[in-house]
Amino acid sequence: MSNSKDKLEGLPRLLDRFGHYAVEAFHYLALFIIGCMIAWSAVHTVIEILTVKQYATIDDILLLFIYLELGAMVGIYFKTNHMPVRFLIYVAITALTRLLIADIQHNHKASMDLVITTGSILILAVAILVVRFASWNYPSVIRGKDQEQPLPSNKTPRPQDDELA
């Protein structure tokens, strides 16, 4: 009787482990697909530049930087299971810079849109400064892929601790 009771008590733990592995498998599969899509888009852009345009504009180069930053984000997330907030801000700054340059190239005149875009870039740059300052001066935990532990009081904080789980 106790043997069947032990099996019933172990069932939730078994289901929990199965659910954990299913979520992890989906997580890695989705990251792999996202990484493949980024690489495919970057290769498509390079082929288009080489065949159709025959030269790269600053717009194209900044687009390739966006692909590079997205690929780095996926790679870091794949390895650490944490997303550094700074990378998201870098992508936003690069995208706004691309928009600003395209607007200046096509319109050739000053407008309020330019002021708004440059102000947005400035706000994002200040946000990076705040995130870096906060992560350097107020780290909460050292995070590994499989554990979280409090930061020892005698350790110097690392600037990489500005992660969003």
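The model is predicted: local features need pLDDT of at least 70, side-chain atom pairs count only at pLDDT 80 or more, and totals for chains, interfaces and linings use all residues. Residues are numbered from 1 along each chain as its sequence is written, and side-chain values use heavy atoms, without hydrogens and water.

Start with the fold. The protein chain has 4 helices and 4 strands. Helices (H or I, at least four residues) and strands (E, at least two) are DSSP runs, numbered from the N terminus. Along the sequence, the pattern reads α-α-β-α-α-β-β-β. Take contacts next (heavy atoms within 4.5 Å). Of those between residues at least 6 apart in sequence, 57% join residues at least 24 apart.

Now the surface. The accessible area is about 11800 Å², by the Shrake-Rupley method with a 1.4 Å probe. Carbon and sulfur atoms hold 68% of that surface. Of the 165 residues, 22% are buried. Buried means under 20% relative accessible area, exposed over 50%, and partly exposed in between (1.4 Å probe, protein chains only).

Last, the charges. Side chains of opposite charge can pair when their charged atoms come close. A salt bridge puts a side-chain nitrogen of Lys or Arg within 4 Å of a carboxyl oxygen of Asp or Glu. The whole structure has 2 salt bridges. One joins Asp60 and Lys53 at 2.8 Å, N to O. Asp60 is buried at 5% relative accessibility; Lys53 is partly exposed at 33%. Another joins Asp59 and Arg98, with the closest N and O atoms 3.5 Å apart. Asp59 lies in helix H2 (residues 58-80) and Arg98 in helix H3 (residues 85-107), 39 residues apart. Asp59 is buried at 17%, while Arg98 is partly exposed at 25%.
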